[in-house]
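Notebook open, structure on screen.

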Amino acid sequence: KEGPKVLEDEYIGKIALAETVITPEKNGKVEFKGASWDAKSDEYITLGQKVEIIETKSILLIVKPIKT
């Protein structure tokens, strides 16, 4: 049971950068660790906004906007 948790720890709580607009209706892309990832959010995220990774589903990152 420890294997997958270690992988999650590399992502959960980390900061990524939105490469596209992400809305609850439409997934988008974020840049994380130099790579582009598919991302989903329950909130509206603008291009270039910093987001926090709150969950991973396979290669999909679930993110939320960081309130500044």
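Below are my entries, one topic at a time.

**Ground rules**

I'm working from a predicted model, where local features need pLDDT of at least 70, side-chain atom pairs count only at pLDDT 80 or more, and totals for chains, interfaces and linings use all residues. Residues are numbered from 1 along each chain as its sequence is written, and side-chain values use heavy atoms, with hydrogens and water left out.

**Entry: the fold**

I looked up the strand order and found a closed barrel of five strands, running β1-β2-β3-β5-β4 with mixed pairing. From one strand to the next, the twist averages 55 degrees. For the record, strands are DSSP runs of E with at least two residues, numbered from the N terminus, and two of them pair if DSSP finds at least two bridges between them.

Next I checked β4. Strand β1 (residues 15-18) is joined to β4 by three bridges, and the two run antiparallel. I noted A16 with V51 as its bridge partner in β4, and I15 with E52.

On to β5 (residues 60-65): six bridges join this strand to β4, again antiparallel. One pair I wrote down is E55 with I62 in β5. The hairpin of β4 and β5 has two residues between the strands.

**Entry: L17**

I picked L17 in strand β1. At 35% relative accessibility, L17 counts as partly exposed; my scale is buried under 20%, exposed over 50% and partly exposed in between, with a 1.4 Å probe and protein chains only. I then listed what L17 touches, not counting residues up to four places away in sequence: K29, V30, E31, G48, Q49, K50 and V51. Contact here means heavy atoms within 4.5 Å.

**Entry: salt bridges**

How many salt bridges does the structure hold? I get three, taking a side-chain nitrogen of Lys or Arg within 4 Å of a carboxyl oxygen of Asp or Glu.

D38 and K29 meet at 2.9 Å, N to O. D38 is partly exposed at 33%, and K29 is partly exposed at 32%.

E43 and K67 meet at 3.0 Å, N to O. E43 sits in the loop between β3 and β4 and K67 in the segment after β5, so this pair ties together parts 24 residues apart in sequence. E43 is partly exposed at 33%, whereas K67 is exposed at 63%.

E52 and K64 make a salt bridge with their closest N and O atoms 3.8 Å apart. Here the link is between strand β4, which holds E52, and strand β5, which holds K64, 12 residues apart. I have E52 as partly exposed at 24% and K64 as partly exposed at 33%.

**Entry: T23**

Is T23 buried or exposed? T23 is buried, with a relative accessible area of 14%, and lies in the loop between β1 and β2 (28-32). Leaving out residues up to four places away in sequence, T23 touches S41, E43 and Y44.

**Entry: nonpolar patch**

V21, Y44 and L47 make a nonpolar surface patch of about 310 Å². Patch rules: residues with over 30% relative accessible area and no salt bridge, like charges joined within 9 Å, nonpolar side chains (Val, Leu, Ile, Met, Phe, Trp, Tyr) within 5 Å. The areas come from the Shrake-Rupley method with a 1.4 Å probe, and for residues only the protein chains shown count as cover. I placed L47 in the loop between β3 (35-40) and β4 (50-57); L47 is exposed at 59%.

**Entry: positive phi**

Most residues other than glycine have a negative phi, and I went looking for exceptions.

K33 has a positive phi of about 55 degrees although it is not a glycine. I found K33 in the loop between β2 and β3, exposed at 61%.

S58, also not a glycine, has a positive phi of about 60 degrees. The loop between β4 and β5 holds S58, which counts as exposed at 71% relative accessibility.

Key
Helices (H or I, at least four residues) and strands (E, at least two) are DSSP runs, numbered from the N terminus. Axes are lines fitted to C-alpha atoms, for helices over the stretch in contact, and angles run from 0 to 180 degrees between N-to-C directions.
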